[in-house]
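The sequence and structure are shown first.

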Amino acid sequence: MTEAEQEKAAPDINALEQEGEIAADYVEGLLDIADIDGDIDMDVEGDRALVSVVGVKGTELVGPGGEVLEALQELTRLAVHRQTGERSRLMLDVAGYREKRRAELSKLGSEIAAQVKRNGEPKSLQPMTPFERKVVHDAVAAAGLRSESEGEEPLRFVVVLPA
């Protein structure tokens, strides 16, 4: 791999940190407007900025099934895009919701993969967000099987396929 290809392949940590700062400022402004107490943590995880709102009481920033969190994430990505001109893959988390959901979905993906291995029949799951589908795809791949996403947003779902 040439030096230019390596630079293109490696995430630009400075740019991701800048995304995180822009996003944190935006989310902090939203918290102020809504008069919600919470602290902001920023990190870079892999090839994306991660902004977490911690110390919040209640679930109004997550909503049923994470719907409010998804909307806040999209608004935050738009705010980052407006300032940087670049598409953002920023991940927003509130009160550890995504980490808990990641653990649940990893377990689900492993269990479904085991079930599909046993009976040899494909298994379709419920519609999920892109984040949720990726977690399930990763768990299924780790179990040695394939999976595909089918359907149209917002009803896109994972199908686990036998070997």
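Predicted model: local features only at pLDDT ≥ 70, side-chain atom pairs only at ≥ 80, totals over all residues.

Arg89 has a relative accessible area of 31%, so it is partly exposed. Asp47, at 44% relative accessibility, is likewise classed as partly exposed.

## Other salt bridges

Side chains of opposite charge can pair when their charged atoms come close. Over the whole structure, 10 salt bridges are found. One of them joins Arg102 to Glu45, where the closest N and O atoms are 4.0 Å apart. This pair also links distant parts of the chain, since Arg102 lies in helix H4 (residues 97-119) and Glu45 in strand S1, 57 residues apart. Arg102 is partly exposed at 28% relative accessibility, and Glu45 is partly exposed with a relative accessible area of 38%. Together with Glu99, these two residues form a network of salt bridges.

A further salt bridge connects Asp138 with Lys134, and here the closest N and O atoms are 2.8 Å apart. Both residues lie within helix H5 (residues 130-142), 4 residues apart, which is about one turn of the helix. Asp138 is partly exposed at 42% relative accessibility, as is Lys134 at 46%.

## Helix H2 and its surroundings

At the start of H2, the backbone nitrogen of Asn14 has a side-chain oxygen of Asp12 within 3.2 Å. Just after the helix, Asp35 adopts a positive phi of about 55°.

Which residues of H2 are buried? They are Leu16, Glu19, Gly20, Ile22, Ala23, Ala24, Val27 and Leu31. Their cover includes strand S1 (39-45), strand S2 (48-54), helix H3 (67-84) and strand S3 (91-94).

## Aromatic rings

Where does the charged end of Arg98 sit? It lies over the ring of Phe131, at 5.0 Å from the ring centre. As for pairs of aromatic rings whose centres lie within 6.5 Å, the count is 0.

Key. Residues numbered from 1 in each chain as written. Heavy atoms only, no water. Phe/Tyr/Trp six-rings, centres within 6.5 Å; stacked < 30°, edge-to-face > 60°. Lys NZ or Arg CZ within 6 Å of the ring centre and 35° of its normal. Buried < 20%, exposed > 50% of the residue type's maximum accessible area, 1.4 Å probe, protein only. Helix = DSSP H or I, 4+ residues; strand = E, 2+ residues; numbered from the N terminus. Contact = heavy atoms within 4.5 Å. Polar contact = N/O pair within 3.5 Å; in protein donor to acceptor, adjacent residues only side chain to side chain. Salt bridge = Lys/Arg side-chain N within 4 Å of Asp/Glu carboxyl O.
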